[in-house]
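This report describes one protein model, element by element. The sequence and structure come first, and the description follows.

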Amino acid sequence: FTFYKERVILNLLAMSPIFSSCTTDELREVMDKITKKDFNPGEEVIREGDLGESLFIIKSGKVKVSTTKGNDMIELAELAAGEFCGEISLVTGKPRTATISAIDKAELLELKKVDFEHILDEHPEINDVIQAYLQDRAKKTVSAIISHDKEARAKNKMV
């Protein structure tokens, strides 16, 4: 069973765009640094505004990414197994930009900031992958907020 769990995690890490440049031995080192965390439906993984001290990789289940604008909660994305979250705050050093909540029972792998920074030192190309995701996620966030604002204005005109 331990071998099976190890293989599943190694495969998940190998499929992740973040760690695709790592060797199997390096992935084993990453695996030794991660901790598994379980979340129930509705439970927060990350809270918008908190300091970011870790990155999460979704092992199973789904999570919802949302942000607040005024009194409204805007859903930005749903992430599933193999995807990651928490990287923006980790890389920028700024507070978390979104809230991540479990949609259903979810297992996530947590990698602490200090361990992630060590991996970045060994694999600077990972930063390029992260930067591409940062740009893509920023565009999607802006688009979601613009759509929300348009819907809110249309709703107000109806009233």
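## Strand β7 and its partners

K64 has S101 of β7 as its bridge partner, and S101 is likewise the bridge partner of E44. The model is a predicted one: local features need pLDDT of at least 70 and side-chain atom pairs count only at pLDDT 80 or more, while totals for chains, interfaces and linings use all residues. Residues are numbered from 1 along each chain as its sequence is written, and side-chain values use heavy atoms, without hydrogens and water.

Strand β7 (residues 99–102) pairs antiparallel with β4 over four bridges and with β2, also antiparallel, over two bridges. Two strands pair if DSSP finds at least two bridges between them. Helices (H or I, at least four residues) and strands (E, at least two) are DSSP runs, numbered from the N terminus. Both faces of β7 are covered, T99 and S101 being buried on one side and I100 and A102 on the other. Buried means under 20% relative accessible area and exposed over 50%, with partly exposed in between (1.4 Å probe, protein chains only).

## The sheet β2-β7-β4-β5

The order β2-β7-β4-β5 describes an open, antiparallel sheet of four strands. Its edge strands, each pairing on one side only, are β2 (44–46) and β5 (72–80). From one strand to the next the twist averages 30°. Axes are lines fitted to C-alpha atoms, for helices over the stretch in contact, and angles run from 0 to 180 degrees between N-to-C directions.

Eight bridges join β4 (residues 62–69) to β5 in the antiparallel sense; in β5, L79 is the bridge partner of V63. Helix α5 packs on this sheet, where it touches β4 and β5, and its direction makes about 140° with that of β5.

## R137 in helix α5

R137 lies in helix α5 (residues 125–158). With a relative accessible area of 17%, R137 is buried. Neighbours within four places in sequence aside, R137 is in contact (heavy atoms within 4.5 Å) with L79, F84, C85 and E87.

Strands β1 and β8 run antiparallel and are joined by five bridges, and K36 stands opposite L109 in β8.

## Helix α4

The buried residues of α4 (residues 113–122) are K113, D115, F116, I119 and L120. They lie on the same side of α4 because they cover an arc of only 160° around the axis, the arc being that of the directions from the helix axis to the C-beta atoms. V114, D121 and E122, on the other side of α4, are exposed. The buried residues of α4 pack against α2 (24–33), β3 (54–60), α3 (87–92), β8 (106–112) and α5.

Helices α4 and α5 pack at an angle of about 115°, their axes 6 Å apart. F116, I119 and L120 of α4 and I126, N127 and I130 of α5 make the contact. By class, this contact has five nonpolar, one polar and no charged residues. Ala, Val, Leu, Ile, Met, Phe, Trp, Tyr, Cys and Pro count as nonpolar, Asp, Glu, Lys and Arg as charged, and the others, Gly among them, as polar.

## Cysteines

The structure holds zero disulfides (pairs of cysteine sulfur atoms within 2.5 Å). For C22, the nearest cysteine sulfur is that of C85, 19 Å away. The sulfur of C85 is therefore too far from its closest cysteine sulfur, in C22, for a bond. C22 is buried, with a relative accessible area of 11%; C85 is also buried, at 2%.

## The chain as a whole

The protein chain has five helices and eight strands, which run α-α-β-β-β-β-β-β-α-β-β-α-α from the N terminus on. The C-alpha trace spans about 60 × 35 × 25 Å along its principal axes. Of the 159 residues, 36% count as buried. Among contacts with a separation of 6 or more, residues 24 or more positions apart account for 75%.
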